[in-house]
Protein chains: 2
Amino acid sequence: MVENSKPNDALKRFNEAQEKSIALQYASSILFWDASTGAPKSGADARSKAIGTVSGFAYQLLVNDQMKKDLDVLMEHLDELSETQRVLISNTKKEFDKLTKIPMDEFQKYNALTSKSSMVWEDAKENSDFALFEPYLTQVIEYLLKFAEYRGYEGHPYNLYIDDFEEGMTVDQLNVFFDELRARIVPLLRRISESGKSIDTAFLAKLYPKEKQEKLSKMLLPMLGFDLERGWFKESVHPFTMAVDIDDVRLTTRYHENDFKSALLSTAHEGGHAIYEQNISKDLRGTFLATGTSNGIHESQSRIFENNFVLSEAFLGYLFPILKNEFEEQLDGLDFNGFYEGMNKVEPSLIRIEADELTYSLHIMLRYEIELGLIDGSIKVADLPKVWNEKMESYLGVIPENDGKGVLQDVHWSEGLFGYFPTYALGSAYAAQFAHYIRKDVDVDSCLKEGNFKPLSEWLNKKVHQYGSLKKPTELIELITGECLNSKYYCDYLEEKYSKIYKLK
Amino acid sequence: MVENSKPNDALKRFNEAQEKSIALQYASSILFWDASTGAPKSGADARSKAIGTVSGFAYQLLVNDQMKKDLDVLMEHLDELSETQRVLISNTKKEFDKLTKIPMDEFQKYNALTSKSSMVWEDAKENSDFALFEPYLTQVIEYLLKFAEYRGYEGHPYNLYIDDFEEGMTVDQLNVFFDELRARIVPLLRRISESGKSIDTAFLAKLYPKEKQEKLSKMLLPMLGFDLERGWFKESVHPFTMAVDIDDVRLTTRYHENDFKSALLSTAHEGGHAIYEQNISKDLRGTFLATGTSNGIHESQSRIFENNFVLSEAFLGYLFPILKNEFEEQLDGLDFNGFYEGMNKVEPSLIRIEADELTYSLHIMLRYEIELGLIDGSIKVADLPKVWNEKMESYLGVIPENDGKGVLQDVHWSEGLFGYFPTYALGSAYAAQFAHYIRKDVDVDSCLKEGNFKPLSEWLNKKVHQYGSLKKPTELIELITGECLNSKYYCDYLEEKYSKIYKLK
């Protein structure tokens, strides 16, 4: 039943499959959105059947003998294709190989394992019982090593898993990257701790009514450059961004009435992701390329808005009088310096997702080192709690009182998500590198002092957003900054910002 | 590729297709819900592609050569199947024939026509320009007549289209039904108009803040028997009910701040539909039978809650003090009699969807007579505006000032929905017939006077809801009331209620 493939016919069939696949992806996304924004829990079984069925059809569209033949023919005729088509076909071929090189029965067993494993992890975390989780994590890692052999890799097997989330990134590059972070941020944090400066953050924990926080988020989003008319902003337990179309980009936040920073920063963060998706060139619409190019680049857009822009002295200076007016009572008696320092206080803590801008990357570095060790065998699963606590003490100066607040805090490993964590740190580093280069074209501080994000958004639209996935992350960085990833900008930025706040010599 | 069919294999394949089909139906429903409850308009193109793609897969699941063969085999072995399976297979076979007897290319042309036709209708309505719509309606009717020949029918070709929405109902039965309505309700309305009694409804048009109306609706729904935990209640432009699962039944209402009745009654109405879907036996879950059995029976459940229960003297007597407390200012100086009469005022009007309980069926009767005439050729499309206005004058005593408020007011015909309107009137008649028989088991008035719907909901759960589509509407009426549809109960109910309100002799 597989038809003989001529390039034109193959391309036509590919385009048809792509169109249907994107339509099914749309449906899956809406099911997820629905579930996350209020759908009754009692409908979970019906929903999970629907999600499974839609994914099944989507899989069959892209993984079949005809597609294999078509992709092979098209790969032989790449030079006859347009740039967009070339990238599309190469990406799809790569994805196809990834999905088909692993024997189906083993892949299904692995899926069953991770499904079980993440349930066990939840229990283990709640009861701070690492022994419960240990055999599952051991098996997950065995599968990842076996799959690496099926898939094939160059250099380190972990390269494969990094590449799944950040194409082109390697262990060698990450080692250099984290070496610099370790050499510069760990001492910086020590100097901050030893500076003796204490920052009062009591104002952050006063009562900020949800409605007023919501109003603030809805004022902030369009200011940053998000078009509320071409999207949907709602509330959910865990904030997230979901683009179902260039003209339908959805994002959520959550409000904690006794934590002022939480919603404001998560709105800015998700806003950055959402602005990326809204500004992809419409020429890419209807193709797999109409989405952000990698986890790291996506994270750079959320981080640049959250940290480099919103948490800057310039923008907080603009925002402060507005907030004073809106939250008169809560901010009574506070001067701008107290506000700015409170918003940017550094405090080593146990939990990654609650970490401040400076310590965040150290949480990531620790996870990277552990993932690498687990994959190359230099760290045993059984030793994880001990290794975790030692690294926490060494980098952050704190030790978790139990494994629930330590090695068991994140869901990622239970789901087999290795290679994902590093992209969080890459996002911050890319953000700092971009922020350095924006200054060559735009007077960033003057814009932020006036709450005028337009020149900043436009720069990012033109340099980053419009390309969607047409450029690989490495190409994009090179194109924009004329160099590859350079952690210097990130370390410089952190040193400068926090030396000033903590008055370090 | 079509496999030889043994009954067991055929049943297994049918069940698999059914499961996937229900999962895809779930996805389509959620896409509709999403679009109706706030999704950005700018995403409409992506959404319509997604809906089209999901429907395409759903169609292929049920309409294919294997399914044809399997259904034929199963139809030969019906006596070996369980009751549920028998009904399922017969229903699916009927649906299969309906979908396949019309040549695909003609059906596609017809779909293109109705899509265009409903857009033209929108224009025609807005500009009160029937001539614009006339050629499209003419073509729609030509198709319906041609399709009737393909599909085959007994007696009148219109029987086919009634049966699409109310299985087993025929022109002969509907003629008897509407004859009695014409004979009894038209004179009743005349006597009301001539009674000289005027009812003051000024209180209904005062300002009722949306938040307070919402609070009232959220109090009413669980009181009626709707389980808010197994569903979702939101706001939309047009109220509707949508069951995506027995445990996930969604409904909406809309709030008009200067029309107190609107949200209250639409909540009760949709609540009736929703309670039906929530109380279908879980044994039917996962089958096509886990939904209401027909349009008419579904409408009977919305009408019985809206009219026979909520608008009754007994329940409004219970509700009045609660409302007085909640809307002190708006209801100031109003006594219960004024409230009850105001809520039930009869007033012939031009627009069906704004009609009161008594005149509503006359709007339907008029549409039924016209549909019948259009199908049997006794009414020409070109004469429609004239026929419409004559009938409006004769039955309701009012004549529309233009066709936009007359013959063009409803979307149904532009979409080819013939045979749909009668089910609205059947709903009210079934409701009255059920309401008569409930009284044999339950002291309805005492319950309503205490706001205690539990015995009423339970009666309906047991007699109607649990069966889903396992029983045909005709079987259900017979089973519950021991007789077939009898319009006497409906006419008796209206005469009794309104004679009392209007003090008719």
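Chain B can be superposed on chain A with an RMSD of 0.0 Å, using a turn of 180 degrees and a shift of 0.0 Å along the axis. The two copies are therefore related as by a two-fold rotation axis. The same surface serves both copies, since 100% of the contact residues of chain B recur in chain A. Within chain B, the residue that comes closest to the rotation axis is B:Ala27, whose C-alpha is at 3.2 Å. The model described here is predicted.

Next, the nonpolar cores. In soluble globular proteins, nonpolar side chains tend to be buried together. The largest nonpolar core in this model has 131 residues, and A:Phe260 and A:Phe453 have the most contacts inside it. Beyond its neighbours within four places in sequence, A:Phe453 is in contact with several residues, among them A:Met223, A:Phe305, A:Val310 and A:Leu448. A second, separate core has 130 residues, including B:Leu204, B:Ile297, B:Leu362 and B:Val407.

A:Ser294 lies in a loop of chain A, between helix 10 (260–278) and helix 11 (295–310). Is A:Ser294 buried or exposed? Its relative accessibility is 7%, under the 20% limit, so A:Ser294 counts as buried. Not counting residues up to four places away in sequence, A:Ser294 touches A:Phe165, A:Glu166 and A:Pro473.

| From | To | Distance |
|---|---|---|
| A:Ser294, polar side-chain atom | A:Ile297, backbone nitrogen | 3.1 Å |
| A:Ser294, C-alpha | A:Val54, C-alpha | 24 Å |

In sequence, A:Ser294 and A:Val54 are 240 residues apart.

Key. Residues are numbered from 1 along each chain as its sequence is written. Chains are lettered from A and ligands numbered from 1 in the order in which they are written. This is a predicted model: local features need pLDDT of at least 70, side-chain atom pairs count only at pLDDT 80 or more; totals for chains, interfaces and linings use all residues. Side-chain values use heavy atoms; hydrogens and water are left out. Copies are superposed by least squares on the C-alpha atoms of residues with pLDDT of at least 70 in both. Contact means heavy atoms within 4.5 Å. A nonpolar core is a set of buried Ala, Val, Leu, Ile, Met, Phe, Trp, Tyr and Cys residues joined through side-chain atoms within 4.5 Å. Buried means under 20% relative accessible area, exposed over 50%, partly exposed in between (1.4 Å probe, protein chains only). Helices (H or I, at least four residues) and strands (E, at least two) are DSSP runs, numbered from the N terminus. A polar contact is a pair of N or O atoms within 3.5 Å; within protein, one must be able to donate a hydrogen and the other to accept it, and residues adjacent in sequence count only if both atoms are side-chain atoms.
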